[in-house]
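Hi,

Here is the structure I said I would pass on. Have a look at it first, and my notes on what turned up follow below.

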Amino acid sequence: MMEDRLKNQPRILLINDMAGYGKVALSVMIPVFSHMKYETFNLPTVLISNTLDYGNFDILDTTEYMQNTLRVWNELQFSFDAICTGFIVSERQASLVYEYCKEQRKKGTLVFIDPIMGDDGKRYNGVTNESVTYMKKLCSVADVIIPNITEACFLSGHVIKTSCTKFEMKDIADRLHELGAKAVVITSANIDGKMFTVVKNSLHSEMTLIPYEEIPVRFPGTGDVFMAIVVGHYLRSGKLSESVQTAMHQLEKIIRSNINNTDKYKGIPIEQFLEDIQL
């Protein structure tokens, strides 16, 4: 069970990007956490004109703003019960976030990291070997990391394949623990031809495989919604596998409700479906 202070009005800091057009990252996570009655704060890593799926976009790097903001927050002695990180745009930014998370963790703050680098076996545009290196460092201060299988392979140095065995999956998860992450959740894992979300609470714990049916549709931002629901439940229950299973069930319902949306590039209008997210 989490500390008593997490049961009242927990303070959570979201470090992620903000899109002007489209529901991804901060624009979906803030409504979800607020609905779950968390006191929610944010530190945008970049401002993006619209979701990247449209192919044409503009990005404003906010690293300088982040640095100044964290200095002010330290002077004001602001603190948080949990920090969630998402899209990181540069090594300098990653180093800034790493140092801040490391210091906050010493004070008891829980750190959740979504190491956003790629999907479907490919890196996102702009993601390099250096990106993988600094994301490994950031994962070293995480209480929980939530990569998809592609990102898990990047971080673990494992060869990306369309399907792997349980033995290979355990090896990937163990390598992520060895980076320093306490607990690991790996999404979109194809194990022997079936889809699972993988949960491993520690290096020496058993691996839990949660099966699911893949829905043949893609919305940007669903990973952000998933992370928010997982973290929201975990902070109150302290039970990671159950939190993941709940998030999978609730997200599946939301996706199916939006499967016929015409413009899927702008993500799911999450405010209309908050009633499907229950504590």
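Some housekeeping before I go on. Residues are numbered from 1 along each chain as its sequence is written, and this is a predicted model, where local features need pLDDT of at least 70 and side-chain atom pairs count only at pLDDT 80 or more, while totals for chains, interfaces and linings use all residues. Side-chain values use heavy atoms, with hydrogens and water left out.

**The whole chain**

The protein chain has eight helices and 11 strands; these are DSSP runs numbered from the N terminus, with at least four residues (H or I) for a helix and at least two (E) for a strand. Its radius of gyration is 18 Å, close to the 19 Å from the globule rule for 279 residues, so the chain is as compact as a globular protein of that length. (That radius is taken over C-alpha atoms, and the rule is 2.2 Å times the number of residues to the power 0.38.) Along the principal axes, the C-alpha trace spans about 50 × 45 × 40 Å.

Of the 279 residues, 53% count as buried. As for contacts (heavy atoms within 4.5 Å), take those in the chain with a separation of 6 or more: residues 24 or more positions apart account for 68% of them. The chain exposes about 13100 Å², and carbon and sulfur atoms supply 51% of that; the areas come from the Shrake-Rupley method with a 1.4 Å probe, and for residues only the protein chains shown count as cover.

**The sheet**

Nine strands make an open sheet with mixed pairing, in the order E3-E2-E1-E4-E5-E8-E9-E10-E11. At its edges are E3 (59–61) and E11 (207–211), each of which pairs on one side only. Two strands pair here if DSSP finds at least two bridges between them.

E9 runs parallel to E8 (residues 144–145), joined by two bridges, and Val 144 stands opposite Ala 183 in E9. With E10 (residues 194–200), E9 pairs in the antiparallel sense over six bridges. Ile 186 has Val 198 in E10 as its bridge partner, and Ile 191 stands opposite Lys 194 in E10.

**Back to Leu 240**

Leu 240 lies in helix H8 (residues 240–257). What does Leu 240 touch, not counting residues up to four places away in sequence? Val 144, Ala 183, Val 185, Val 199, Asn 201, Val 230 and Tyr 234. Val 144 and Ala 183 are the pair that stand opposite each other between E8 and E9. As for Val 230, it sits 10 residues from Leu 240 in sequence and 7.7 Å away in space, C-alpha to C-alpha.

Leaving aside residues up to four places away in sequence, Trp 73 touches Leu 13, Asn 42, Leu 43, Phe 78, Phe 80 and Tyr 100.

Then there is helix H5 (residues 149–156): eight of its eight residues are buried, so H5 is largely enclosed by the rest of the structure. Among those buried residues are Glu 151, Cys 153 and Phe 154. The cover over them includes E6, E7, H4 (129–139), H6 (166–179) and E9.

**Positive phi values**

Most residues other than glycine have a negative phi, which makes a few places worth checking. Asp 192 takes a positive phi near 55 degrees in the hairpin of E9 and E10, where two residues lie between the strands. Ser 188, in strand E9, has a positive phi near 60 degrees; Ser 188 is partly exposed, at 32% relative accessible area. Asp 120 has a positive phi near 50 degrees and sits in the loop between E6 (118–119) and E7 (122–123). Is Asp 120 buried or exposed? Exposed, because its relative accessibility is 64%.

Over to you!

Key
Buried < 20%, exposed > 50% of the residue type's maximum accessible area, 1.4 Å probe, protein only.
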